[in-house]
Amino acid sequence: MNRTTLSLIAGATALAAVTGFAAVTAPDTSGTGTAATAAELPVERTSVTCPTPSLSDLAETTYTSFTPVTKGTDGEGKAELRPAATESTDGRTGKDGKKPSDKDAKDAKGGKDKAGTAAKPVLAAKEPGKPVTVEDSGSESPALVGTADGKFAPGWTVQQTTEVAAGTGRGLLGVTCTAPDTDFWFPGASTAADRTDYVHLVNPDDSAAVVDIELYGRDGALKATAGEGITVPPHSDDPVLLSTLTTEKQDNMTVHVSVRSGRVGASVQALDDKLGGDWLSASVDPSGSVVIPGIPKDATAVRLVAFAPGDADADLKVRLASPSGQITPAGHETLHLKAGMTGAVDLGDVMRGEPGSLVLTPTGRSVPVVAAVRVVRGKGAGQETAFIPATRPVGTRATVVDNRAKGTTLSLTAPFGTAEVKVTASAGGEGGTAASKSFTIKAGTTQQIEAPVPSGLKGTYALTVESVSGGEVHGARTLTEGKDGVSAFTVQTLPDDRGLVAVPDAEQDLSVLQK
């Protein structure tokens with residue numbers, strides 16, 4: 001009988017190399033090869049990708065970088081954002097299925113200078129616990145990629161916020177820059193005549209990535225004229241216009257991005273002719289129960305879009321977690337999703353002046369689903385749109401950045417059990433002292449909390465939520481900028497930042513018996 005021992009530490013490191021999430025250093029080991037208690041250690045390296053912000057000459061973009069202070073890190077490290085593009089973009093296809101104007105390859109904003117050396121960082125962190133920002137304007141703001149290591153790696157969070165004054169997709173567009181990965185689901189995209197939706201594929205690596213894009217509508221998979229085997233060149237952002245992939249016009253679709261080789265960061269930019277626009281971030285991985293947190297209390301229209309990617313139909317209970325508890329939206333007690341088909345429900349003015357979160361749970365057999373909502377605020381010509389995907393719980397810790405003295409709202413929900421959390425407002429980017437406050441979120445409720453604000457605040461600040469006890473918590477932050485009668489806004493969720501990883505104290509025996 002032979003015994004094969006596999007180091008969990010080596011496995012975790014290999015996984016990190018594929019997903020881009022984390023690399024860790026193993027603690028000293030003195031075990032005997034038997035199962036050992038896992039210790040949580042800070043990650044030592046992480047990476048993010050930020051898509052090209054806008055094609056509008058009126059765009060004003062702010063990039064914000066922040067790392068919360070984490071115990072157990074050493075005194076070294078850095079966190080830097082650089083343009084994704086290198087000096088060559090040969091073979092890259094752009095927003096109209098054509099090669100772009102090589103704006104990302106300009107010497108001033110490209111990944112390399114004329115001598116072929118790496119360009120200077122667009123944004124570099126100075127110290128954990130204090131955000132740093134940089135601003136850019138116009139249509140030539142590049143896609144960015146970044147890496148953080150050492151004391152800057154655990155919980156590193158980057159936000160990209162763009163204001164567009166007029167035109168298709170005008171309003172406030174915000175996205176939390178995402179780690180490169182190999183699988184993404186986007187319920188809520190569209191190829192309707194009044195929508196212009198792009199899937200941005202950012203490749204941060206030195207080799208090309210090969211990507212498939214699948215579209216699913218109300219009757220199942222859409223006939224696609226393209227979408228298979230898309231090559232994303234190294235160090236590039238390839239924005240793929242959804243309407244170039246199919247001739248069908250559908251308002252509620254699910255986009256599936258899967259990577260055959262390499263890895264990419266993926267986000268959907270959804271631009272509406274009349275309702276403004278925003279970024280649609282990926283839904284949490286398919287799960288039997290999902291939570292969509294932080295729907296604003298003044299939403300005038302809420303549309304739920306969901307999809308069951310497997311071979312089985314899904315039947316879901318639909319509940320709204322309000323400040324007083326879970327309620328059932330009138331006429332929408334359940335949602336039936338046929339396998340491989342996108343379902344959509346217009347919930348209308350369901351919020352009625354109170355913040356809330358949607359909680360979808362199986363009525364019987366658990367079938368994995370993905371979901372998101374489209375939220376509309378305002379009336380008439382002053383309407384504006386944002387998207388909120390189903391998200392992971394806050395977990396150990398989650399952070400959202402680019403919070404302002406005015407127009408910042410934090411909502412937390414505890415869908416399955418009462419929970420206690422600690423919320424910390426960081427020092428301001430240009431001055432101010434950090435502040436913390438604890439909150440209890442009752443089971444089944446959503447609370448729009450009075451989050452702490454740094455004293456003497458100058459600039460923007462970060463909000464970090466930490467779970468203290470009780471059930472799982474989900475959160476979302478809303479940024480609002482009211483201009484010219486338009487309630488421009490964007491919503492970002494707060495999933496666990498995965499800044500800590502469980503590492504065995506000793507090599508754990510994962511042996512299989514061999515004859």
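# Notebook: contacts, sheet and backbone in a predicted model

**Entry: salt bridges**

I looked up how R263 and D205 are related, and found that their side chains meet in a salt bridge at 2.9 Å, N to O (a side-chain nitrogen of Lys or Arg within 4 Å of a carboxyl oxygen of Asp or Glu). This pair links distant parts of the chain, 58 residues apart, with R263 in the loop between strand 16 (253-261) and strand 17, and D205 in the loop between strand 11 (195-203) and strand 12 (209-217). For the strand numbers I kept the rule at hand: helices (H or I, at least four residues) and strands (E, at least two) are DSSP runs, numbered from the N terminus. By the salt-bridge rule the count comes to eleven.

I then followed R377, whose side chain meets that of D298 in a salt bridge of 2.9 Å, N to O. Here too the pair links distant parts of the chain, since R377 belongs to strand 26 (residues 370-377) and D298 to the loop between strand 19 (290-295) and strand 20 (299-307), 79 residues apart. R377 has a relative accessible area of 8% and is therefore buried, whereas D298, at 37% relative accessibility, counts as partly exposed. R377 also lies over the face of F489, at 4.7 Å from the ring centre; the criterion for a charge over a ring is that NZ of Lys or CZ of Arg is within 6 Å of the ring centre and within 35 degrees of the ring normal.

Another salt bridge I checked joins the side chains of R404 and D402, at 3.1 Å, N to O. R404 is buried, with a relative accessible area of 15%, and D402 counts as buried at 1%. Salt bridges that share partners also join D251, R303 and D346 into one network.

**Entry: the disulfide**

How many disulfides does a search of the whole structure find? It finds one, where a disulfide is taken as a pair of cysteine sulfur atoms within 2.5 Å. The partners are C50 and C177, with their sulfur atoms 2.1 Å apart, and the torsion about the S-S bond is about 115°, so the disulfide is right-handed. The pair links distant parts of the chain, 127 residues apart: C50 is in strand 2 (residues 45-50), and C177 is in the loop between strand 9 (171-176) and strand 10 (183-189). C50 counts as buried at 0% relative accessibility, and C177 is buried as well, with a relative accessible area of 7%.

**Entry: aromatic rings**

I found three aromatic pairs in the structure; rings of Phe, Tyr and Trp (its six-membered ring) pair if their centres lie within 6.5 Å, and planes under 30 degrees apart count as stacked, over 60 as edge-to-face and the rest as tilted. F184 and F186 have ring centres 6.3 Å apart and planes at 10°, so this pair is stacked, and both F184 and F186 are buried. Ring pairs also link W185, Y216 and F307 into a cluster.

I traced four strands that form an open sheet in the order 15-11-17-18, with antiparallel pairing; two strands pair if DSSP finds at least two bridges between them. The edge strands, each of which pairs on one side only, are strand 15 (236-241) and strand 18 (276-280). Between strand 17 (residues 265-272) and strand 18, which run antiparallel, I found five bridges, and A270 stands opposite D278 in strand 18.

**Entry: positive phi**

H235 has a positive phi of about 50° although it is not a glycine, and it is found in the loop between strand 14 (230-232) and strand 15. R352 likewise has a positive phi of about 50° without being a glycine, and is found in the loop between strand 24 (342-348) and strand 25 (356-362). Is each of these buried or exposed? H235 counts as buried at 18% relative accessibility, whereas R352 counts as exposed at 70%.

Definitions and conventions. Residues numbered from 1 in each chain as written. Predicted model: local features only at pLDDT ≥ 70, side-chain atom pairs only at ≥ 80, totals over all residues. Heavy atoms only, no water. Buried < 20%, exposed > 50% of the residue type's maximum accessible area, 1.4 Å probe, protein only.
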